[in-house]
Amino acid sequence: MAAYNQIEIFEQSQKWFDQLPLEWKNWLEENLEKGCGVEQLVDVLKANGFEPKFEMNDLKFQNLLHHDQEWIIEQVLNEVTSSEIIKILIEQGYDGLKVKEYLNNLENNKLYKILKKKHHQLKKREWLIETVDQLAQLNSDYSKKIPSITAPNFSDFVKGYYSQHRPVILKKGIEHWPALHKWSPQYFASKFGHHLVEVQMNRNLDEQFERHSPSLKQKMKMSEFVSKVMSVDASNDFYMTANNASNSHHMLQELFSDIDDFADGYCNLALKDDRSFLWFGPKGTFTPLHHDLTNNMLVQIYGRKKVTLIPALQVPHLYNDNWVFSELSDTNKIDFEKYPLAKSITPVECILNAGEALFIPIGWWHSVESLDISISISFTHFNAPNHYVDRFPKEV
């Protein structure tokens, strides 16, 4: 991509570049990709009888403009006027007439034409998403509260919630789990204290602790971690998160013998050990705003959690900058001057008590805060389709 953009510098003046022999075009592309300076390449071309037909000042201007090309194209696609773009670039030291000429020639840029088409497709899809979201808000349950019901039979759950992409709090789904009556910090220390577990440590030192979680992992004995949890009133500095599974496999296998099917028929029990995830930490642990790539059931076993949810359809307003994360980590601390689109989101909070479960549909944004010392299980092994992650676009 870098080489192609730089070659555009040589395309000025009557398609001089198109008249180069193929081997010299390949030579140019290869050396631009290596980072060779434009002026050096011009000297070589001159020495071999291929003198470019443009002024070096124009060449330097185009090379400089290349560094702001992404910004310029973004402004044009977002319908910022040419006069405003020119004004901003003049303030940065650019020649206004040359900026104007660049903007006039932009419609002939092949990459720009592709970007313009893709941008238009994206805007049409965002229009549809926003319209469906506004219609959904006519239902008060959608954006003002999360319904709380006794866990229905599985087919009714699929019909009313799973297939409809609707979150719901389910009660009386785990009353038969031994975990609900046995699990506590003290039980973990006495039963599994000698096991090494993997936890996130020093989260307070990194504002992006969730994104950088692999670098924050540490191993310690379960008994040591329980002591840390019991020693503080509240903290987000350490947390045993779902990512501990691979390094605590033997302990978790024994631990997960205390959990079973949710309600009756919700789960594919053959996948229980692989698709169940343990969360354990003190009051104050916080998971920032994100969405998951599966339908999830968050089951509260000990303590309480507050969950803030935002409909998946509101993604155009959520500043999704990387993978499943948002630049908005906490809906209670949004700078609306910096993130004006966030004024359109409709966060809804719910409290999850011990023995309750929250169904979080795929793509629904959520953040989670522990209101007490908390032990939770999340699982994804529903007796329904739930494998969509392979189609999720890779980061570029």
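**View 1. Glutamate 254 and lysine 191 meet in a salt bridge.** Glutamate 254 is partly exposed, at 36% relative accessible area. Partly exposed lies between buried, under 20% relative accessible area, and exposed, over 50% (1.4 Å probe, protein chains only). Lysine 191 is partly exposed too, at 39%. A salt bridge here is a side-chain nitrogen of Lys or Arg within 4 Å of a carboxyl oxygen of Asp or Glu. Glutamate 254 lies in helix α14 and lysine 191 in helix α12 (residues 185-192), so the bridge ties together parts 63 residues apart in sequence. Helices (H or I, at least four residues) and strands (E, at least two) are DSSP runs, numbered from the N terminus.

This is a predicted model: local features need pLDDT of at least 70, side-chain atom pairs count only at pLDDT 80 or more, and totals for chains, interfaces and linings use all residues. Residues are numbered from 1 along each chain as its sequence is written, and side-chain values use heavy atoms, with hydrogens and water left out.

**View 2. Aspartate 258 and lysine 182 form another salt bridge.** Their N to O distance is 2.9 Å. Aspartate 258 sits in the loop between α14 (249-255) and β6 (276-281), while lysine 182 belongs to helix α11 (residues 178-182). The two are 76 residues apart. Aspartate 258 is buried, at 5% relative accessibility. Lysine 182 is partly exposed, at 35%.

**View 3. Arginine 203 bridges to glutamate 210.** The closest N and O atoms are 3.9 Å apart. Both ends are covered: arginine 203 is buried at 1% relative accessibility, and glutamate 210 is buried at 15%. Elsewhere, Lys306, Glu349 and Glu369 are linked in a network of salt bridges. The salt bridge count comes to 10.

**View 4. Strands β4, β3 and β5 form an open sheet, in that order.** The pairing is antiparallel. The edge strands are β4 and β5, each pairing on one side only. Strands pair if DSSP finds at least two bridges between them. Strand β3 (residues 196-201) and β4 (residues 217-221) share five bridges. Across this pair, glutamate 198 stands opposite lysine 219, and valine 199 opposite glutamine 218. Two bridges join β3 to β5 (residues 238-239). There, methionine 201 faces phenylalanine 238. Five of the six residues of β3 are buried.

**View 5. Glutamine 208 lies in the loop between β3 and β4.** Glutamine 208 is partly exposed, at 34% relative accessibility. Its C-alpha atom is 10.0 Å from that of glutamate 327, which is 119 residues away along the chain.

**View 6. Tryptophan 127 is found in helix α8 (residues 110-136).** Tryptophan 127 is exposed, with a relative accessible area of 57%. Trp127, Leu128 and Val132 form a nonpolar surface patch, with about 320 Å² of accessible area together. Which residues of α8 are buried? Tyr112, His119 and Asp133 are among them. Their cover includes α5 (69-77) and α9 (140-143). Patch residues have over 30% relative accessible area and no salt bridge; like charges are joined within 9 Å, nonpolar side chains (Val, Leu, Ile, Met, Phe, Trp, Tyr) within 5 Å. Accessible areas come from the Shrake-Rupley method with a 1.4 Å probe; for residues, only the protein chains shown count as cover.

Note on methods. Contact means heavy atoms within 4.5 Å.
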